[in-house]
Every structure is written in structure tokens, then in C-alpha cells.
Amino acid sequence: MKQVDRIKHSLQTDVTWHQGFSLAKRGARALPRATAEYLIDKVPIVGWLPRYNYKWILNDIIAGLTLGIMLIPQSLAYAKIATIPVQYGLMSSWLPATLYAFMGTSKDLSTGPTSLIGLLTADVVADLIKEGYSPQQVASAVAMGMGIYGMILGFLKLGFLLDFVSTPILNGFISAVAITIGLGQVDSLLGEENVRDGIAHTIHDVFSMLPQANGYTCGIGFGSLVLLVILEQMGKRWGNKSKIVFYLSITRAFIALLVFTGISYAVNKPLGPDSDNFLFEVAEVEKTVISAEVTTAELFSKVFPRAIAPFIAAAVEHVAIARAFGNRNNYETDTSQELCYLGLVNLINSFFHSMGVGGAMSRTAVNSSCKVRSPLAGFVTTAVVLVSIYELTGALYWIPKATLSAIVITAIWPLIGSPKTYYHYWRTSFTDFAAAMVAFWVSLFVSTEIGIGSAVAWMIVQSLLRQTFSRTTQIGADSPSELQRSIDDSRGMPNTIPADTRIFKMNESLFFPNAQRMKTQIMDTIQTHHSAQYSSTNGSEAERNWSVVGERRVRKLRKAAGVHDAGDLPAIRVVILDWSRVNHFDTTACLKMREFMAEVRKYAGQGVEIRFVGLAQHVRNRFDRARPSWRLIDGDNVPTSKEDKDNKVEEVSVYRNVSEAVSAFRYNDVDRVMEEKMKLDRVEEA
């Protein structure tokens with residue numbers, strides 16, 4: 001009996017039990033509504049399709065056709081990288097665009113096979129075909145593994161785990177992958193045979209076999225390269241002035257495919273069906289029919305652990321591209337929803353002997369350049385791919401392998417990071433530079449899986465060591481300046497804060513695992529409590545574009561904060577970031593701060609001021625080392641230089657405490673007064 005009384009007393013007085021019961025009750029009450037909202041969020045087309053403007057349909061059709069034409073040669077080329085029969089590249093491409101129309105949150109993003117996924121798939125294929133599995137079976141199993149990982153992270157909203165892959169690691173990894181892919185295509189470009197795998201072996205064999213190179217293949221390969229480069233450079237120089245040149249440039253891969261497939265058909269078909277008699281190797285694309293087949297449990301159990309590297313690489317690239325073009329074109333993407341799509345599309349694709357898919361930078365850039373208005377363009381892209389699968393395989397049979405190699409080489413060339421990028425890492429943070437080098441060299445000479453894994457492990461270990469061996473700051477009679485600064489900081493909070501000012505105190509160091517989340521939290525607060533500046537991209541509902549993800553998010557945030565009348569919200573004109581508790585700042589955080597400043601200016605206008613407070617010397621040194629991207633100014637007595645504005649240098653005023661930052665002189669107030677005075681002077685003169 002006493003034991004029962006103790007249990008009752010514990011349940012009545014224990015704070016943890018009370019909190020658990022309270023959370024359970026709140027969760028039960030919110031479950032029906034939250035479930036409905038969750039399910040609706042999984043199909044974003046429900047939100048934006050009713051507001052679709054039918055004037056946009058021509059743009060979507062043109063963009064869809066262009067993407068379809070690009071996707072045909074690229075999907076064949078990337079299947080070649082994955083070492084699977086090239087027709088399965090087409091099989092991988094028909095579903096993603098249509099499914100993305102229903103589930104995607106970016107109007108620009110183009111999904112399908114990519115060079116990165118192709119190489120990581122090839123590593124798994126090379127190991128498992130020795131056990132009797134066909135290459136397409138292994139590729140399908142990799143896609144299924146990617147799908148399951150994506151669905152777990154997406155549906156459970158665990159996308160923040162991808163933040164442990166920092167920007168320097170990703171750049172080093174992608175550069176190594178691009179070099180590996182490029183070198184892997186040289187043998188097909190030259191018509192050499194029996195070139196071994198591995199960077200050192202490949203380089204040795206390519207040069208040692210140069211005397212045995214096939215002259216016809218070299219002519220086709222280098223001819224394709226020259227044509228592709230000429231069309232690309234024409235687009236850069238004259239694409240903005242001529243629509244004809246623009247479309248010739250963005251469809252250059254298809255044009256090269258058309259020209260050299262015609263040459264191949266003319267010279268090889270008369271020699272007969274025996275490929276040994278062809279003047280150069282052809283892709284031998286076979287006619288296929290879309291049919292479903294499930295990966296065997298035995299094969300999947302072998303592939304699933306190894307599918308994590310292709311998934312991480314594809315997911316990080318996919319999410320980064322979606323965010324970048326969302327910021328560029330002023331709409332918001334949903335990371336969790338993008339991962340849900342990435343998981344589901346790869347899972348379904350795996351039933352059709354397809355390789356993994358994800359977002360592609362080159363096609364996304366073209367899609368955006370075509371002024372695509374919504375994901376409906378994906379239906380047109382799917383139609384183009386289906387026509388090629390069922391009607392064009394006879395013609396695609398004669399595609400020269402050298403032309404596919406040339407398409408791959410020109411596509412991956414921009415992915416190789418420039419020395420300037422790595423020098424920037426060196427100047428800003430040695431640990432970031434070291435992580436990039438680990439990812440680059442290990443991926444290049446050992447394996448891509450070990451490369452990205454070792455680089456992530458390096459960053460996690462160094463972060464733990466930095467926390468373990470953290471230092472203290474001593475203040476005593478022999479350090480009067482430190483004592484005075486400490487006293488000043490404790491008195492640094494102002495008595496009142498203007499309605500158009502918001503102060504953010506960061507309570508932790510700002511580095512790669514939390515930089516994105518910190519940036520999102522700050523922007524969420526600004527959008528919740530402050531109105532957007534009226535412009536063609538903010539403010540008026542009639543002038544906003546197709547996306548509803550950002551609007552839904554802001555409505556939820558304001559509802560949770562108890563903001564009922566959004567019309568009375570003040571504008572935001574001064575954002576103060578208190579860095580007094582930040583003792584570590586890395587390259588990824590530096591990039592995220594630049595993104596934040598761009599986003600807040602889009603929302604609040606170019607007149608918004610960002611001010612820093614309480615920068616530790618170590619953190620300030622990082623900003624100084626990141627020059628010329630940043631210029632920190634003490635106080636507010638230094639005007640913005642025209643040279644820095646032209647070079648896109650971020651100038652930020654730094655103050656000793658928050659009180660000084662709040663009461664500091666506002667340049668924008670004076671700018672507005674001067675502008676009004678100049679207007680009045682012009683009126684009087686007239």
C-alpha cells in the first residue's frame with residue numbers, strides 16, 4: 001500500500017511526469033489538424049496550382065521541351081559513367097520530372113541522372129557484377145537504397161543531418177569526382193581499350209597507349225568537344241543579345257548528338273551490324289519497354305550500406321541547388337519536402353532498372369534561363385523522354401561513344417573547384433582547408449565513399465577537440481582593459497528598442513553544423529514580426545510568383561507567435577547580431593552570413609542595416625581573413641566606399657555593445673532626407 005502511495009505521490013509531484021502528460025494532451029489535441037497539414041504539405045501542387053496564371057503556359061512548354069532535349073544526351077552519357085547500358089539512362093529520366101511537378105518546391109530544379117550519382121553508382125557496380133549480377137540490377141538496388149534513406153530523412157524531418165557535410169568538404173569531394181569522371185572518359189574519347197581503373201593507372205595507360213589510339217574515334221571525340229565549346233562560348237558572349245544563339249547554346253549537347261550520330265549512321269551502317277567492323281565504337285542503344293521488377297532481397301542487403309555515399313552526395317547537391325535558385329528567384333523551398341521527393345522518386349525508379357537521380361546544376365540553370373514559371377514544365381519533359389524511349393532508339397543506336405564522352409567532359413568541367421576557392425579556405429580557416437583537401441585527395445586516390453566519410457569524420461573530431469580544449473579568458477588587476485570591457489558589456493543593453501530594430505544574440509559558436517539553422521531562425525523571426533518592403537517580389541499578393549511554401553511558413557510562424565493583424569507589423573530597418581558568445585566561426589558560416597544578408601535585403605529592401613556587436617578577436621580575424629568578401633568598420637563614421645559596393649564587398653559596422661549599436665547614427669535616414677531634398681531641388685529648378 002505504501003508503495004502505491006509513493007507512486008501516486010510521484011505522479012502528482014514529479015515535474016517530468018507533469019511535462020510528459022501536458023505534452024501528450026497538447027499533441028493529442030493538435031494531431032488531427034497537424035496530420036492534415038502534414039499530408040497537404042507533401043503535395044505542394046495543391047497549394048500553387050489554383051493560382052496558376054495561364055499566361056505562363058508558353059514559358060513552361062518551352063522550358064519543358066528544352067529540358068527534354070538536354071536530358072536525352074545527358075541521361076545516356078551519365079548512364080555510361082555508371083557503367084550500365086545507356087538506354088537505362090533514359091529509363092531513369094521519364095518519371096522524375098512528372099513526380100516533381102506534384103511534390104517539388106522549386107520551379108527551377110531539374111532532376112534526373114547526374115554525373116556525381118553515375119560515378120558513385122559505378123563504384124558499387126564494379127564490385128558486385130563479379131558476383132553475377134547485371135549492372136542495371138546493381139544500379140536499381142543503389143537507387144532503392146537512396147530512396148529509403150531519402151524517405152527516412154524527409155518524412156521524419158531529419159534533413160539537418162546533412163549539415164554535417166560542410167561546404168569545403170562538398171567542394172573538395174565534387175572536384176575529385178569531376179576529375180575522376182573526366183579521366184574515365186578519355187579512353188573512349190581516344191578509342192583506347194583496356195585502360196585500368198584508378199587515377200594513377202588511368203593516366204599511365206592513356207599516355208602509354210596513345211600510339212594505338214583510333215584516329216576516327218579521336219576525330220569524332222575532339223570534333224564533338226570543339227563543337228560543344230564553340231556553342232557554349234557563343235552563348236556566353238551573344239546569348240543575351242540573340243535568342244537563336246541562346247537556344248543553340250543551351251541545346252549544344254543535343255546538337256552534337258544529332259550531328260555526330262548522323263555521321264556515325266552514314267559511315268558505320270553500310271559496314272554491317274557487326275560492331276567489330278565499325279570505324280569507331282557506337283553506344284548500341286537497345287529498344288526497351290518500361291516494365292517493373294523488384295530488386296532481390298539478397299542483392300539489396302549487399303548494396304544498402306554502400307548506397308549511403310551516393311545518397312549523401314545527391315541529397316546535399318539537390319538541396320543546395322534548390323536553395324540557391326530559390327534565393328536567386330525569390331521563393332522559398334522546403335528541404336524536408338525535397339528529401340521526401342528524392343526518396344520517393346528513387347524508390348519508384350528502382351523498380352524500372354533505373355539508376356539513382358537527383359538535382360542537376362546545369363539543367364537547373366538552363367531551366368531558370370528559359371524563364372520557367374512552375375514545375376508543370378516537367379510534364380512536357382517527360383513527354384519528350386517517353387518519345388525518345390519508344391520512337392527514337394533506332395536512331396540512338398548509332399550515337400558515337402566518343403560524343404557521349406565529350407558531352408560528359410564538358411558537363412563536369414565547371415564542377416572542378418578553382419585554386420582561388422581553396423586559397424579562400426586557406427586564408428579563412430585552416431581546418432576547413434584541411435577538410436577540403438582530405439575530401440579531395442582521398443576521394444581521388446582511394447575511393448569516393450572513404451573520401452567523404454573521412455572528411456566528415458575529420459570535421460566532427462576537430463569540433464569535439466575544439467570543445468574539449470576550449471580556453472578561458474582571465475580578468476584581473478593586471479588586465480584593466482578586459483575588466484573595463486566586461487563592465488561595459490554588462491551595461492550594454494539599451495532601455496528601449498525601436499520598433500524597426502531587432503536584436504539577435506547568438507548563444508553558441510557559428511559553424512558548419514548549425515550555420516543554416518541559425519540563419520533560418522533569424523529570418524523566421526524577422527518575417528514573423530516585421531512586414532516586407534513592398535516591391536515586385538515582396539508585399540503585394542498579386543505580384544508574388546507561383547510558390548506558396550514561403551507564405552504558408554510565414555502564416556504558421558505568425559499564428560504560433562500570436563500575430564493576428566499582419567497589416568500593423570513594422571518594417572525592419574536595423575538588424576543587430578550580438579556575437580559576444582561566439583568563439584568559433586568557419587568558412588561555411590561565412591557563406592551562410594552572406595546568404596542571410598542577401599535574403600534580408602530582399603525581404604526588407606536595400607536600405608536595411610546589419611550591425612555586429614561584441615566580436616571576439618578570433619572571430620573578427622576570421623572575417624578579416626575572408627577579405628575581399630568582407631570589410632568590418634568600427635563604429636559608424638566611415639561611409640560605404642563605391643569600390644567595395646562595385647566588388648560586392650559586405651561592409652558591416654561593428655560596435656562595442658548593443659546599446660551603442662541601437663543608438664548609432666543611421667545612414668539610411670540621411671540618405672532618404674538627401675534624396676527627398678534632391679527631388680525638391682529638381683522640382684524647383686524645373
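These legends go with several close-up views of a predicted protein model.

Local features in this model need pLDDT of at least 70, and side-chain atom pairs count only at pLDDT 80 or more, while totals for chains, interfaces and linings use all residues. Residues are numbered from 1 along each chain as its sequence is written, and side-chain values use heavy atoms, with hydrogens and water left out.

View 1. Helices (H or I, at least four residues) and strands (E, at least two) are DSSP runs numbered from the N terminus. Of the 686 residues, 49% count as buried, meaning under 20% relative accessible area with a 1.4 Å probe and protein chains only. Take the contacts (heavy atoms within 4.5 Å) between residues at least 6 apart in sequence: 80% of them join residues at least 24 apart.

**View 2. The second largest pocket, about 1,400 Å³ in volume.** A pocket is an open set of points on a 1 Å grid over the protein atoms alone, with protein on both sides within 12 Å along at least five of seven lines; lining residues have an atom within 4 Å of a point. Grid points are joined across faces, edges and corners, and a volume is the space filled by probe spheres set on the points. There are 47 lining residues here, and Ile81, Thr83, Ala122, Gly184 and Asp197 are the closest to the centre. Helices giving two or more residues include H4 (57-81), H9 (167-184) and H24 (448-468). The largest share, 6 residues, comes from H7. By class, look for 19 nonpolar, 13 polar and 15 charged residues; Ala, Val, Leu, Ile, Met, Phe, Trp, Tyr, Cys and Pro count as nonpolar, Asp, Glu, Lys and Arg as charged, and the others, Gly among them, as polar.

**View 3. The largest cavity, with a volume of about 160 Å³.** A cavity is a set of points where a 1.4 Å probe fits but cannot get out, and the structure holds 3 of 30 Å³ or more. Among the 16 lining residues, Ala97, Leu109, Ser110, Asn367 and Gly378 lie closest to the centre. H4, H6 (94-103) and H19 (377-391) each give two or more residues to this lining. The lining divides into 8 nonpolar, 7 polar and 1 charged.

**View 4. The second largest cavity, at about 70 Å³.** Its lining includes Met506, Leu510, Lys592 and Phe596. Helix H26 (515-529) and helix H28 (587-604) each give two or more residues, and H26 gives the most, with 4. Here the lining has 7 nonpolar, no polar and 2 charged residues.

Conventions. Buried < 20%, exposed > 50% of the residue type's maximum accessible area, 1.4 Å probe, protein only.
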